[in-house]
Amino acid sequence: MKNLILTALTLTLITGANAFAFMELGESGDVGGQGAYRVGLMPQVRTSDGSGANITGFLDAGLNDETSARAWLGSGDTDLLIGGTVKWIPIPDYNNQPAIGGRVGAFFFRQSSDSFSVFRFDPLISKKFDTDIGQLTPYAAVPIMFVNHNSSSNTELQLTVGSEYVHPDVKKIRFGAELGFDMHDSFSYVAAYLSIALDDLKRGQ
């Protein structure tokens, strides 16, 4: 178990070593409930409008059965990324019904000597499936981003699709993979991530 966790963390760090990227989604409609905490890493590689990648760390906190918050901190080719998001899922994942909701967030990042601020809104839908190899949670979103730079502003639009995966023998780790597609004045990317449930670790489960 410890070797699997260390290997996954090492691969994530190596993948994001030369990073440039920002504005990932990196989560499904799973909220986790009040007091549920997760910590994770997410490298992202840009596939359009230049190349490069970044690695971003995040901390999740479940606020209630419908709401969770996430703090973001990243670096790489992008000198600094810091921000926060709040996810609200008023329609839960239940029986044949998918989780439906959205996420809002605010970010600040620096690239060389330039500073940017971003406000984003992410309509989000996801659905859990139990399979023979573990639990899969495909998700999709259409992030709408308002980017401010040097007193000018721009609206960007993406399509994001991905899936989370939990292995039946490693339930405290959540793996994820994600693709982002440029729909308007944005960029395309590929990303992977993992997160660990801190409450599970404290209980030793």
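Biologist: Is E27 buried or exposed?
Modeller: This is a predicted model, in which local features need pLDDT of at least 70 and side-chain atom pairs count only at pLDDT 80 or more, while totals for chains, interfaces and linings use all residues. Residues are numbered from 1 along each chain as its sequence is written, and side-chain values use heavy atoms, with hydrogens and water left out. The relative accessibility of E27 is 6%, so E27 counts as buried.

Biologist: How many residues separate E27 from K87 in the chain?
Modeller: E27 and K87 form a salt bridge (a side-chain nitrogen of Lys or Arg within 4 Å of a carboxyl oxygen of Asp or Glu), and their closest N and O atoms are 2.8 Å apart. The pair links distant parts of the chain, with E27 in the loop between α1 (2–15) and β1, and K87 in strand β4. Helices (H or I, at least four residues) and strands (E, at least two) are DSSP runs, numbered from the N terminus. The separation of E27 and K87 is 60 residues.

Biologist: Which strand holds R103, the other salt-bridge partner of E27?
Modeller: The side chains of R103 and E27 meet with an N to O distance of 2.7 Å. Because E27 lies in the loop between α1 and β1, the pair ties together parts 76 residues apart in sequence, and the strand of R103 is β5.

Biologist: In the salt bridge between K128 and D30, what is the relative accessible area of D30?
Modeller: The side chains of K128 and D30 meet at 3.9 Å, N to O. K128 lies in the loop between β6 and β7 (129–131) and D30 in the loop between α1 and β1, so the pair ties together parts that are 98 residues apart in sequence. K128 counts as partly exposed because its relative accessibility is 31%. D30 is likewise partly exposed, with a relative accessible area of 22%.

Biologist: What is the relative accessibility of N95, given its positive phi?
Modeller: Most residues other than glycine have a negative phi. N95 has a positive phi of about 50 degrees although it is not a glycine, and its place is the loop between β4 (80–91) and β5 (99–111). N95 counts as exposed because its relative accessibility is 58%.

Biologist: Where is D185, another residue with positive phi, found?
Modeller: D185 is not a glycine, and its phi is near 55 degrees. D185 is partly exposed, with a relative accessible area of 43%. D185 is found in the loop between β11 (173–184) and β12 (189–197).

Biologist: In what order do the elements of the protein run from the N terminus on?
Modeller: The secondary structure comes to two helices and 12 strands. From the N terminus on, the elements run α-β-β-β-β-β-β-β-β-β-β-β-β-α.

Biologist: What percentage of the residues in the protein is buried?
Modeller: Of the 205 residues in the protein, the buried share is 45%.

Conventions. Buried < 20%, exposed > 50% of the residue type's maximum accessible area, 1.4 Å probe, protein only.
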